[in-house]
Amino acid sequence: MKILITGGNGQLGQELQHLLDERNVAYEAADVKELDITNEKQVASYFAEHQPEIVYHCAAYTAVDKAEGEGKAADELINAVGTEIIARTCQKYDTLLVYVSTDYVFDGTRTSGEYMPNDPKGPRNEYGRTKLLGEEAVQKYCDKYYIVRTAWVYGQWGHNFVYTMLNLAKSHDKLTVVSDQIGRPTWTRTLAEFLTYLIDNKIKYGIYQCSNDGQCSWYEFAKEILKDKDVEVLPVSSDQYPTAAFRPHYSVMHLAKETGFKFPQWEDALQKFIKEIDNNL
Ligand SMILES: NC(=O)c1ccc[n+]([C@@H]2O[C@H](COP(=O)([O-])OP(=O)(O)OC[C@H]3O[C@@H](n4cnc5c(N)ncnc54)[C@H](OP(=O)(O)O)[C@@H]3O)[C@@H](O)[C@H]2O)c1
């Protein structure tokens, strides 16, 4: 099968490449320079030349706070318009589209339990709104698709919370981290394995959710990241760190265990990741 990864230089795009390399699976990975998903002509000629049979659509605008202001137009163009272009082109070429989305498509008002894939939507920030427009375009135009929602993503290739905490710990002996936002961290490795699992196991097309299992606050996440470091981590309320974009106090999505995929516990995934980056330093 001919595979294309959009947003190939992003943290998920690079993890997927790493995973496919390990498995000796051939693919093309393109980032904005080679394939700007907002450029309809470029997308059309790329598909005509490469004829991908599977697209892992990892290209996205991911600056959640900037999307509320200076990045609003770019966010809409990349996440909504760009995804619609990819969806329509995939349908034209009978290509399977794997679209990665977010828990921010929900309204974030739950205080317990899990968001199910078909629960009512109600995004409360711009990024969530445009990712939902992307989901709707995929559902409208494509017959063959997986929409996979995820959250709190970290991995080897990219800027993320784990690297931020590890870096801050080098110059601080005390860190304060918000303890009133609960979610499920996601190692890009788990997410990449899940995306390929759906295809390899011919799981029914549709909407799925993937993170590591368990749940925690950002404070608990930071404590686990820094458990072997000489730094004190203290809990604070999110009022102390106001952000431009709305963030829910509780956002735990149901994981697609019915597919048979084994979702590693978040602490285990994190410790494996930390060991991997330690070995690579
Ligand atoms: N990170 C998270 O916590 C999180 C949470 C939930 C869902 N997701 C979703 O997971 C997916 C992967 O996220 P990620 O963390 O890997 O994001 P990322 O690291 O920001 O990667 C996105 C990639 O897309 C590229 N890109 C931007 N505009 C493009 C365009 N017009 N054409 C082609 N490529 C373009 C970016 O290039 P530049 O860097 O050069 O702009 C970047 O390489 C996304 O769909 C994201 O919405 C992420």
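A residue is called buried when its relative accessible area is under 20%, exposed when over 50%, and partly exposed in between, with a 1.4 Å probe and protein chains only. The structure is a predicted model, in which local features need pLDDT of at least 70 and side-chain atom pairs count only at pLDDT 80 or more, while totals for chains, interfaces and linings use all residues. Residues are numbered from 1 along each chain as its sequence is written, and side-chain values use heavy atoms, with hydrogens and water left out.

A87 lies in helix α3 (residues 72-92); helices here are DSSP runs of H or I with at least four residues, numbered from the N terminus. With a relative accessible area of 0%, A87 is buried. Leaving aside residues up to four places away in sequence, A87 touches L97, A137, V138, Y141 and C142, where contact means heavy atoms within 4.5 Å. K140 is 53 residues from A87 in sequence, yet their C-alpha atoms are 8.6 Å apart.

Attention now turns to helix α5. Within α5, V162, M165, L166 and A169 are buried. These residues lie on the same side of α5 because they cover an arc of only 95 degrees around the axis, the arc being that of the directions from the helix axis to the C-beta atoms. K170 and S171, on the other side of α5, are exposed.

Helix α5 (residues 161-171) packs with helix α7 (residues 218-225) at an angle of about 60 degrees, their axes being 10 Å apart. Axes are lines fitted to C-alpha atoms, for helices over the stretch in contact, and angles run from 0 to 180 degrees between N-to-C directions. The contact comprises F161, V162, M165 and L166 of α5 together with W218, F221, A222 and I225 of α7.

Definitions and conventions
Helices (H or I, at least four residues) and strands (E, at least two) are DSSP runs, numbered from the N terminus.
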